[in-house]
Amino acid sequence: MLEKAAMPFGLLNLENTTPLIEVWYEIIQLKQLYRQGWIQRGIDPASCETVAEHTFGNAMLCLMLLPRHPDLDALRVLMMALVHDVGEAYVGDITPNDNIPAEVKKAREAAAIDKILGKLPHGELLIEVWQE
């Protein structure tokens, strides 16, 4: 996986860090992970979207479309948009070109989601939203 930079765990003192800070640190790594489909298509990394940029765009699209769908739970929709790629902080941005079976990809992402969000006091809710 091509990244701007690897996750610098050496900068994080896990003995003196709260779970919230640790999770935040893991999630912001998505700013460093390029969308691999862009890279695989030969787009210069300087022009590539990161996973975090994709997530932001997805959340904004949901926000703009929510007024058209007042029957939806807006908070839940936005939570889905924001957590849908969190597992990629550890798994990477797997594309169809990687030839990883869907069930393997899902299992890897589920394990990463549990590893990251499971540390939070309200992590079960976020994991449930991701699963949905």
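The buried residues of helix α3 are Val51, Thr55, Ala59 and Cys62, where buried means under 20% relative accessible area, exposed over 50% and partly exposed in between, with a 1.4 Å probe and protein chains only. Seen down the axis of α3, these residues fall within an arc of 75°, so they line one face of the helix; the arc is that of the directions from the helix axis to the C-beta atoms. An α-helix has 3.6 residues a turn, so residues three or four places apart point the same way.

This is a predicted model, in which local features need pLDDT of at least 70 and side-chain atom pairs count only at pLDDT 80 or more, while totals for chains, interfaces and linings use all residues. Residues are numbered from 1 along each chain as its sequence is written, and side-chain values use heavy atoms, with hydrogens and water left out.

Helix α3 comprises 15 residues, 51-65, and reaches 21 Å from its first C-alpha to its last, close to the 21 Å expected at 1.5 Å a residue. That expected span is 1.5 Å times one less than the number of residues. Helices (H or I, at least four residues) are DSSP runs, numbered from the N terminus. On the other side of α3, Phe56 and Met64 are exposed. The cover over its buried residues includes α4 (74-83) and α5 (88-91), contact being heavy atoms within 4.5 Å.

Cysteine 62 counts as buried because its relative accessibility is 19%, and cysteine 48 because its value is 8%. The count of disulfides, pairs of cysteine sulfur atoms within 2.5 Å, is zero.

Terms used
Helices (H or I, at least four residues) and strands (E, at least two) are DSSP runs, numbered from the N terminus.
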